[in-house]
Amino acid sequence: MAAAEAKEDEGIVWNESRGRFESLDKKSYLVYVLKSSSSSSSSSTDEESVTAMDILHTYVPSSARGQGLASRLCTAAFRHARDRRYSVIPTCSYVSATFIKELA
């Protein structure tokens, strides 16, 4: 499924082992942690107990800004969460202050 998601999200790939969505060159990324109903967060959380994706940070280097990369990273993460029925916790200021407002 990750390959299909990457194609749909225009050069954004899911790096599950690092808890990130990344541009193909890995210079732009979105960092998240999964949270379960039984623990605050964990990279080893049992997939079946995950209830939320906490998006912690989005980074795009200054040389790549203004090209929509941050928005594409967020779109990929939100699609991933939706497909798995996770709620999203928008800890990252870009997500809470900009991306979510763009959706409205």
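Modeller: Two strands pair if DSSP finds at least two bridges between them. Strands are DSSP runs of E, at least two residues long, and helices are runs of H or I, at least four long, both numbered from the N terminus. This is a predicted model: local features need pLDDT of at least 70, side-chain atom pairs count only at pLDDT 80 or more, and totals for chains, interfaces and linings use all residues. Residues are numbered from 1 along each chain as its sequence is written, and side-chain values use heavy atoms, leaving out hydrogens and water.

Biologist: OK, what makes S3 and S4 a pair?

Modeller: DSSP has eight bridges joining S3 to S4, and pairing asks for at least two, so they pair. The two strands run antiparallel. Lys35 stands opposite Ala52 in S4, and Leu30 has Thr58 as its bridge partner there.

Biologist: Why are S1 and S5 said to stand at the edges?

Modeller: The sheet is open, with five strands in the order S1-S2-S3-S4-S5 and mixed pairing. S1 (12–15) and S5 (87–90) each have a single partner strand, so one side of each lacks a neighbour in the sheet. Neighbouring strands are turned by 25° against each other on average, direction ignored.

Biologist: What about H2, at which angle to S4 does that helix run?

Modeller: Helix H2 (residues 69–83) lies across S1, S2, S3, S4 and S5, at about 170° to S4. Axes here are lines fitted to C-alpha atoms, for helices over the stretch in contact (heavy atoms within 4.5 Å), and angles run from 0 to 180 degrees between N-to-C directions.

Biologist: Why is Asp54 called buried?

Modeller: Asp54 has a relative accessible area of 6%. Buried means under 20%, exposed over 50% and partly exposed in between (1.4 Å probe, protein chains only), so 6% is buried. Asp54 lies in strand S4, and its contacts beyond four places in sequence include Val31, Tyr32, Ile89 and Thr91.

Biologist: What joins the side chains of Asp54 and Thr91?

Modeller: A polar contact of 2.4 Å. The cut-off is an N or O pair within 3.5 Å; within protein, one atom must be able to donate a hydrogen and the other to accept it, and residues adjacent in sequence count only through side-chain atoms on both sides.

Biologist: What makes Glu48 exposed?

Modeller: Its relative accessible area is 75%, which is over 50%, so Glu48 is exposed. Glu48 sits in the loop between S3 (29–36) and S4 (50–59).
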